[in-house]
Amino acid sequence: MDTSALNPATEADEAKRKKYKAEKMMVWLLTFSVIMIFAGLTSAYIIRKESKDWITFRLPDIYFISTAVLLISSATMILAINSIKKEKAGPARIAMAVTLFLGIVFCYSQYSGFYELHQQGIYSLGNKANIAASFILVLTLTHVFHLVLAIGSVIWTFLKLLKGAYSPKDYHGLQLCATFWHFMDILWVYLFLFLYFIR
């Protein structure tokens, strides 16, 4: 009897394990890349802030609300995972739907933030553009761009959740989605505090 051949089930488990490991590594590489991008942008912001044409601005009130919205979305994401662990697909689907909705609300709030800045007489584009507002535009839009990627991931994961793809024994895809989502939340909190204290 040839014992060198692996059991088909064992081979499938090994292939799945390698696939999951590769996917997890990709998420962490993406996370590291985003960190490097924002490290460069915030460093440039600090250097440029010392110029004479810099205008001190008041952080839009909507940013306080949007920060709370994003933090709540992290809580609903955690709720989704905990529900799957307890084999409660219904609550998990609701939690993911709420997470998706809150992510969209956050993106809209960024637009509202620029409206508030314009009300202060601080413009990011055009003849009246100020470098401070331009930096805020770059920082927030770069974050929104990556958050849109995260929203795409939430949509994909939500659709798989509707099809019953996750279980207490296998919720790898949901966990990866949550990891990137939480990272984007933490990144925004960092940007919010950065812009609040360094103006």
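User: OK, which residues lie nearest the centre of the largest pocket?
Analyst: Those are Val-27, Ser-153, Gly-173, Leu-176 and Cys-177, out of 19 residues that line the pocket. Keep in mind that this is a predicted model.

User: Which elements give two or more residues to that lining?
Analyst: Three helices do: H1, H4 (131–162) and H5. Helix H1 gives the most, with six residues.

User: And what's the pocket's volume?
Analyst: About 470 Å³ for the largest pocket.

User: How does anyone find empty space like that, by the way? What shows where it is?
Analyst: You roll a probe the size of a water molecule over the atoms, and that shows where empty space is left.

User: Nice. How do the lining residues divide into nonpolar, polar and charged?
Analyst: The lining of the largest pocket has 11 nonpolar residues, plus four polar and four charged ones.

User: Switching topic: how many salt bridges does the structure hold?
Analyst: Two. In one of them, the side chains of Lys-19 and Glu-23 meet, with 2.7 Å from N to O.

User: Remind me why side chains would pair up like that?
Analyst: Opposite charges can pair when the charged atoms of the side chains come close.

User: Where do Glu-23 and Lys-19 lie?
Analyst: Both are in helix H1, which covers residues 8–48. Glu-23 and Lys-19 are four residues apart, and that is about one turn of the helix.

User: Got it. What does Arg-58 form a salt bridge with?
Analyst: With Asp-61, and the closest N and O atoms of that pair are 3.2 Å apart. Arg-58 is partly exposed at 43% relative accessibility, and Asp-61 is partly exposed too, at 46%.

User: Which one gives the most?
Analyst: H5, with three residues. Leu-193 is found in that helix, H5. Leu-193 has a relative accessible area of 38%, so Leu-193 is partly exposed.

User: Now the loops. Where does Glu-87 lie?
Analyst: Glu-87 is in the loop between H2 and H3. Its phi is positive, about 60°, although Glu-87 is not a glycine.

User: Is Glu-87 buried or exposed?
Analyst: Exposed, because Glu-87 has 66% relative accessibility and the cut-off for exposed is over 50%.

User: And where is Tyr-123 found?
Analyst: Tyr-123 sits in the loop between helix H3 (89–119) and H4. Tyr-123 is partly exposed, with a relative accessible area of 27%. Its C-alpha atom is separated by 7.5 Å from that of Ser-134, which is 11 residues apart from Tyr-123 along the chain.

User: What about Phe-101, buried or exposed?
Analyst: Phe-101, which lies in helix H3, is exposed, with a relative accessible area of 53%. Along the chain, Phe-101 and Val-69 are 32 residues apart, and their C-alpha atoms are separated by 9.9 Å.

User: Last stop, helix H4. Why does His-143 count as buried?
Analyst: His-143 lies in helix H4. Buried means under 20% relative accessible area, and His-143 counts as buried because its relative accessibility is 0%.

Conventions. Residues numbered from 1 in each chain as written. Predicted model: local features only at pLDDT ≥ 70, side-chain atom pairs only at ≥ 80, totals over all residues. Heavy atoms only, no water. Buried < 20%, exposed > 50% of the residue type's maximum accessible area, 1.4 Å probe, protein only. Salt bridge = Lys/Arg side-chain N within 4 Å of Asp/Glu carboxyl O. 1 Å grid on protein atoms, 1.4 Å probe; cavity = no way out; pocket = protein on both sides within 12 Å on 5 of 7 lines; lining within 4 Å. Points joined across faces, edges and corners; volume = space filled by probe spheres on them. Nonpolar A, V, L, I, M, F, W, Y, C, P; charged D, E, K, R; others polar.
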